[in-house]
Amino acid sequence: MSPKSKREDLPHVVILGGGFAGLYAARHLYKAPVRVTLVDRQNHHLFQPLLYQVATATLSPSEIAAPLRALLGRHQVGVVLAEVTGVDTAGKRVLLSDGELKYDYLVVATGATHSYFGNDKWAAFAPGLKSIEDAVQIRRRILVAFELAEREPDPEIRRSLLNFVIIGAGPTGVELAGSLAEISRHSLPGDFRNIDPKQARIILIEGVDRVLPAYPDDLSSKALRTLEKLGVEVRTGARVTNINEEGVFIGTEFIPARTVLWAAGVAASPVARSLGVELDRAGRVLVTPELTVPGHEDVFVVGDLASINDADGKPVPGLAPAAMQEGKHAAHNIRRRLQGKPMEPFSYWDRGSYAVIGRGHAVGIAFRRFKQSGFTAWMAWLLIHITFLIGFRSRLAVLLDWAYSYLTFGKSARIITGPAPRLDRLRRAPALPEGGEKASLPESHYAAKASGAEPVTPARH
């Protein structure tokens, strides 16, 4: 028999998702007596923590992504490019949009997507940041806003073009706000003749009373001070009640802004619902200590889709290091099952987390106890991200781009793709939902009339 025929007779492990959890599960099954197939709707692994740098023109997409086949080829992993629509646990089948796959063991690592807290219509006006497509779209919106402002004769519309609103002050929102402030204050001045990019307003909105609410109070306060030094206008304790193509409502206050970015919430992949088990409020699977689905020891759920607590009873965070550890542990337990040994419970080793706030500034906690801020934290963040990047070429390219950006404030990936922007489309102002006035009126009008624009159910983030 050929080596391929022999492998066809081995137990089949199907892994859904090529993120950190899925990639590490596949790699740690190398040389195990199994046949491994990884399914993803994209052909690349994405280093998601650096997506915001693609969105703000510091890095190019190819510097934070690598083809799955190239990464897994030598590990003898089959790769299937397909859309997963669900899982039939009774029939041990993965359902695809154009077929199905049988499995003996299943690792579900399909991650998370954006959550607009029941206001899905906002997605058209405030894109989130989860994929390369999202990052390229956001980069286009940001750069086009400056280009249109350069040509716009109406001061009201020009002001709305130079207002950038980020909703959600977690790590992604803080990183976006800091990077946007650097673009407007340091990278773009001198490039335009009719506008001063330094006049751009970067507005960061958070529903609770402080930025980075998952971090200790003192680190949150340091992050706030750094953001304010960069020129970011931070609005805490502010609830967004409506978003449209003209801007954002906070209660009855209207902020005109043609670029609104969403960083306020995430929801688990809809694949979780097809497993037919209990989910938490965010739609994640309440897994066993061994990372399996209750009642199905052949189905593992890892990464952002898994809801599990650490040894201290705290939820394991949806971070890349946690996903890596869970993917590796799922592979470990599959090996143990093949050997007839009992599975072992997952134990999370918290190496820490960091949030970067512009050039040379970050806050973070290492190993649960060591607080860091400023340049020291930024260097630690830099080292960690370079270490986790997949492939030598990616590490070298990112390091060179970061060095260039740090020394010159330049943004090397300031490329606009897609059709040429048109000024006349800025004046097509449909009526606001819920009986509001037309959006083409000046900001002073909104302050008096916006109360009719609130949706029935206000958002929470």
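1. Strands β6 and β7 form a hairpin with 4 residues between them, and Lys92 in the turn has a positive phi of about 55°. Strands here are DSSP runs of E of at least two residues, helices are runs of H or I of at least four residues, and both are numbered from the N terminus. β6 covers residues 84-88 and β7 covers residues 93-96; they pair in the antiparallel sense over 4 bridges. Two strands pair if DSSP finds at least two bridges between them. Val84 has Leu96 in β7 as its bridge partner.

2. On the basis of the model: this is a predicted structure, in which local features need pLDDT of at least 70, side-chain atom pairs count only at pLDDT 80 or more, and totals for chains, interfaces and linings use all residues. Residues are numbered from 1 along each chain as its sequence is written, and side-chain values use heavy atoms, with hydrogens and water left out.

3. On confidence: pLDDT is the predictor's confidence in each residue, from 0 to 100. The average for the protein chain is 84, and 85% of the residues score at least 70. Over residues 429-461 the pLDDT is below 50, and this stretch has 73 contacts in the model beyond near neighbours in sequence. A contact means heavy atoms within 4.5 Å.

4. On the chain as a whole: the secondary structure comes to 12 helices and 25 strands. Of the 461 residues, 52% count as buried. Buried means under 20% relative accessible area, exposed means over 50%, and partly exposed is in between (1.4 Å probe, protein chains only). Among contacts with a separation of 6 or more, 63% come from residues 24 or more positions apart. The accessible surface is about 20600 Å², and carbon and sulfur atoms hold 52% of that area. Accessible areas come from the Shrake-Rupley method with a 1.4 Å probe; for residues, only the protein chains shown count as cover.

5. On the sheet: an open sheet of 6 strands runs in the order β5-β2-β1-β9-β21-β20, with mixed pairing. Its edge strands are β5 (77-81) and β20 (292-293), each of which pairs on one side only. At the β5 side, strand β2 (residues 35-40) pairs with β5 in the parallel sense over 5 bridges. Val36 stands opposite Val77 in β5.

6. On backbone angles: most residues other than glycine have a negative phi. Lys92, which is not a glycine, has a positive phi of about 55° and lies in the loop between β6 and β7. Leu291 also has a positive value, near 75°, in a residue other than glycine. Leu291 sits in the loop between β19 (285-286) and β20. Leu291 counts as buried, at 0% relative accessibility, whereas Lys92 is partly exposed at 29%.

7. On the Lys92 side chain: what does Lys92 meet in a salt bridge? Its partner is Asp298, at 3.2 Å from N to O. A salt bridge is a side-chain nitrogen of Lys or Arg within 4 Å of a carboxyl oxygen of Asp or Glu. The pair links distant parts of the chain, with Asp298 in strand β21 (residues 296-301) and Lys92 in the loop between β6 and β7, 206 residues apart. Asp298 counts as buried, at 13% relative accessibility.

8. On the other salt bridges: a search of the whole structure finds 13. One of them joins Arg210 and Asp217, with the closest N and O atoms 3.1 Å apart; Arg210 is partly exposed at 21% relative accessibility. Arg235 forms a salt bridge with Glu253, the closest N and O atoms being 2.7 Å apart. Arg235 lies in strand β13 (residues 232-235) and Glu253 in strand β16 (residues 253-256), so the pair ties together parts 18 residues apart in sequence. Arg235 is partly exposed at 21%, and Glu253 is partly exposed at 35%. Salt bridges that share partners join Arg201, Glu233, Arg235 and Glu253 into one network.

9. On the surface: Trp349, Phe367 and Phe370 form a nonpolar patch with about 350 Å² of accessible area together. Patches are made of residues with over 30% relative accessible area and no salt bridge; like charges are joined within 9 Å, and nonpolar side chains (Val, Leu, Ile, Met, Phe, Trp, Tyr) within 5 Å. Trp349 is in the loop between α9 (320-338) and β23 (352-356).
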